[in-house]
Amino acid sequence: MKNIHQLLRKLVFASFLTLTSLAAPPWASAHSVPLTIPHPGPYRDPSMWPRGYYPGDPLPPKTIYLTFDDGPWAFTGQLVDILKEEGVHATFFMNAFDKDHPNYANIHDDYLFHFAKVLKELVADGNVIGDHTYSHRDLATLTPQQIHFQLYWLEHELRKVLGPQMPAIHLFRPPYGSPWLGHWNTNAQKRKVTKALNGQFFVMMWTIGWDSADSIDWAKGEWYEPGPRYHPNTPQYKAKMKRDIDRILNRAHNGASGIILMHDTHPTSRDSLKTLIEILKKRGYRFDTLDNYCRWRWGPHVFDQARPAEAVH
Ligand SMILES: [Zn+2]
């Protein structure tokens with residue numbers, strides 16, 4: 001079962017690679033665009049495409065959105081520390097845990113409590129938490145009831161840990177980008193998941209080609225590749241770091257903006273973050289969180305009608 005899961009994941013990311021030649025949209029370098037004018041983007045059938053960011057959508061000029069998926073994890077605290085040192089904020093799409101993974105075999109519903117300190121610090125620092133489902137499921141394969149559980153139980157678990165610090169969660173990133181990025185996904189699957197989201201979440205993908213490639217370009221021993229880790233001083237690990245950094249830096253130039261996908265679960269995401277931020281700063285980029293992206297795109301009151309945090313139980 002797990003092997004199929006891994007294979008699927010490899011196929012998903014392999015398919016993304018074929019799309020990496022998409023050019024940045026013309027507005028990506030439109031420096032004169034004021035940040036306060038909404039940019040609704042292309043029309044999409046709202047019964048299949050909830051509001052959110054999809055590859056090719058407008059982005060504000062010279063802006064980088066750092067996003068980290070699949071945490072919290074052992075490296076999350078170090079990511080938070082680096083962000084703090086650099087004075088920038090990021091968006092974290094979190095799970096409560098992945099039941100499929102052997103590393104989680106002895107972990108139950110108290111998983112998030114192991115990260116109570118770092119979760120509180122992450123929120124207090126001004127970083128944003130998004131929903132990445134309770135246990136990293138492909139929503140296209142689930143029933144509406146299961147989808148509902150995946151979305152709201154993650155928040156239920158987070159609230160137990162964060163208490164009064166629990167933020168309202170408006171942003172959602174679907175595991176594997178499914179059913180919106182997989183070319184095999186059907187319109188029926190899109191409609192099913194869109195209906196289950198019930199207008200309560202903004203679907204936030206990442207910019208094609210701006211993933212750090214950490215998920216497709218593994219150093220042995222990373223999260224879902226069991227085995228002894230490469231030591232950070234080995235050529236294999238260093239080569240992967242360089243590939244991850246270069247992949248993003250090759251796109252983040254001439255003012256092109258992007259939503260960068262990295263992972264809490266990969267040491268190369270942690271080890272390349274500081275270098276990446278410092279080079280992007282030198283290139284004149286600003287950093288922002290995805291809730292501010294939504295405010296830029298749909299106006300400062302975009303979340304006023306959204307579901308209040310207390311309503312989620
Ligand atoms: Zn994920």
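Modeller: Happy to! Bear in mind that this is a predicted model. Helices α2 and α3 are roughly parallel to each other, because the angle between them is about 25° and angles under 35 degrees count as roughly parallel.

Colleague: And how far apart are the axes of α2 and α3?

Modeller: Their axes are 10 Å apart. Helix α2 covers residues 76-86, and helix α3 covers residues 116-124.

Colleague: Is the crossing of α2 and α3 left-handed or right-handed?

Modeller: The crossing is left-handed.

Colleague: Which residues meet there?

Modeller: On the α2 side you have T76, G77 and V80, and they meet V118, E121 and L122 of α3. By class, that contact has 3 nonpolar, 2 polar and 1 charged residues.

Colleague: Nice. Let's zoom out: how many helices and strands does the protein have?

Modeller: There are 8 helices and 8 strands. The protein has 313 residues, and 41% of them count as buried.

Colleague: Let's pick one residue, then. Is F202 buried or exposed?

Modeller: F202 is buried, because 24 other C-beta atoms lie within 10 Å and 20 or more is enough to count as buried. You'll find F202 in strand β6, residues 202-204.

Colleague: What does F202 touch, leaving aside its neighbours within four places in sequence?

Modeller: F202 is in contact with R51, G52, H170, L171, F172 and C294. Take F172: F202 and F172 are 30 residues apart in sequence, yet their C-alpha atoms are 5.8 Å apart in space.

Colleague: New topic: the backbone. Where are the cis peptide bonds you flagged?

Modeller: One runs from G71 to P72, with omega near -5°. P72 is in the loop between β2 and α2. Another runs from S178 to P179, with omega near 5°, and P179 sits in the loop between β5 and α5.

Colleague: Why point those out?

Modeller: Because most peptide bonds are trans, and most residues other than glycine have a negative phi.

Colleague: So which residues other than glycine have a positive phi here?

Modeller: K62 is one of them, with phi of about 45°, and Y176 is another, with phi near 65°. K62 lies in the loop between β1 and β2, while Y176 lies in the loop between β5 and α5.

Conventions:
Residues numbered from 1 in each chain as written. Predicted model: local features only at pLDDT ≥ 70, side-chain atom pairs only at ≥ 80, totals over all residues. Helix = DSSP H or I, 4+ residues; strand = E, 2+ residues; numbered from the N terminus. Buried ≥ 20, exposed ≤ 12 C-beta atoms within 10 Å, placed from the backbone. Axes fitted to C-alpha atoms, helices over the stretch in contact; angles between N-to-C directions. Parallel < 35°, antiparallel > 145°, perpendicular 65-115°, else oblique. Left-handed = near helix turned anticlockwise from the far one by under 90°. Contact = placed C-beta atoms within 7 Å. Nonpolar A, V, L, I, M, F, W, Y, C, P; charged D, E, K, R; others polar.
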